[in-house]
Amino acid sequence: MPVPAAHRADEPVRDRADAVGGGRHHRRSRARGRRQGRDRVVPSRLRRHGAAGARDRADRDDHRARRAARRARRADARERPLRRLLIAVLGPGGVGGLVAGALAHAGEPVVLLCREETADTLARTGLHVTSRALDEDFVAWPRIATTLDEPVDALLVASKATTLSASLERVAPDAPRLVVPLLNGLDHMEVLRARFGDARTRAGVIRVQSDRPAVGRIVQDSAAVRIDIAGPETDIPPVAALARALRSAGIETRTGASEADVLWSKLARLNAIACATTAFDATLGEIREDPSRLSALHAAIAETAAVARAEGADVDTDTTIAEVDALRGDQSSSMARDVAAARAPELDAIPGAVLRAAARHGIATPAVEYLHARIAARA
Ligand SMILES: CC(C)(CO)[C@@H](O)C(=O)[O-]
């Protein structure tokens, strides 16, 4: 008979009695053996009297009470329905709306946190998601809330860097067991660690193109969607269960890389794409048709990759250029959309973070500086 898998500390969902399976029978027979020893009728000639007798009776009562408690715990575990991970997502935009929608659509319990104005609409309409990567159009109904005080297993932070501090006011600092940001840039890590503590905060990034053309409407049009969570699955219990929940929702999820690798490999692509598409007010396809713009895009990748390596990340320039060259020609960036809609772009969080790190290491970044200056003039 195959040995059933043991209960693992990272599984909030498992019913321990079921998880140990056949092992339970072994424990039962051992318990029966002990019980027979303890409860057998003691012949009256052997019964002790006085203080010693009282100690024997107290001992027996104690054993019975412990046995009853054990039986109650087992019955409780057998009857408890399998508990799923409770995940909160902060921010109902292109990224938060997609992830919360996909999780809810897959039957995962999820709370989507948003502003009061948005909450009413979402509670009425649900999230209408059109996703190329998930190959589906669906309406999802995550629980909508404006604040989070109850404990949750994981919090995915999907607000913009520009509104992070205000968004975090919605979450009680002790509510999440694990915090994984899906923001652009680097500096949010310090803000999150200050609020939730180092031990509960793990860097994460999402590779996706996803937009929110209207409240409750999510359009995801990159060929794939992938989340990377830094560090091993085993040292903070909910990481493995969160990764499983995301995968069950159709989102490829990788774990295990270092924080520097996770953050900088995303930033090397994002910084170049966001800066070039915004500075030139052009799609990637339009940039590819103009050699001087294409060389600015590639130079921005090379400079950011050099800064990434100085920061200890394993980011290769040619690999990153190949990744960007493989993206669809109609791809632009959320920074370009923000500038076009007269919203504040993430200029400080994206190229700003790269320029600050470059200055720390004395690395020249003329292409990033040029693109940054052009965006600042447009914004
Ligand atoms: C291309 C991108 C930087 C922005 O859409 C991002 O989705 C990614 O990490 O590939």
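A search of the whole structure finds 21 salt bridges. The model is a predicted one. One of these bridges joins the side chains of Asp-338 and Lys-160, with 2.8 Å from N to O. Asp-338 sits in helix α13, residues 334-340. Lys-160 sits in the loop between β6 (154-157) and α6 (164-168). The pair therefore ties together parts that are 178 residues apart in sequence.

Domain 1 and domain 2 bury about 1,900 Å² between them. Of this area, 52% lies on carbon and sulfur atoms. On the side of domain 1, the residues that lose the most area to domain 2 are Asn-184, Leu-186 and Gln-209. Together they account for 31% of what that side buries.

Charged and polar pairs also cross the interface. Four salt bridges are found between domain 1 and domain 2. Eight residue pairs are in polar contact between domain 1 and domain 2, counting pairs with both residues at pLDDT 80 or more. Several elements of domain 1 contribute to the side that touches domain 2. Elsewhere in the list of salt bridges, the side chains of Asp-211 and Arg-337 meet at 3.4 Å, N to O.

The unreviewed entry places "domain: Ketopantoate reductase N-terminal" at residues 87-221. Over residues 87-221 the chain is 27% helix and 30% strand. The end C-alpha atoms of that span are 24 Å apart. The unreviewed entry also lists "domain: Ketopantoate reductase C-terminal", which covers residues 263-377. Over residues 263-377 the chain is 73% helix and 0% strand. Here the end C-alpha atoms lie 27 Å apart.

A further UniProt annotation, again from an unreviewed entry, is "transmembrane region" at residues 85-106. In the model, residues 85-106 are 55% helix and 18% strand. The end C-alpha atoms of this span lie 13 Å apart.

Notes:
Residues numbered from 1 in each chain as written. Predicted model: local features only at pLDDT ≥ 70, side-chain atom pairs only at ≥ 80, totals over all residues. Heavy atoms only, no water. Buried area = accessible area lost by both parts, 1.4 Å probe. Polar contact = N/O pair within 3.5 Å; in protein donor to acceptor, adjacent residues only side chain to side chain. UniProt positions renumbered as here; feature names shortened; annotations may be inferred. Helix = DSSP H or I, 4+ residues; strand = E, 2+ residues; numbered from the N terminus.
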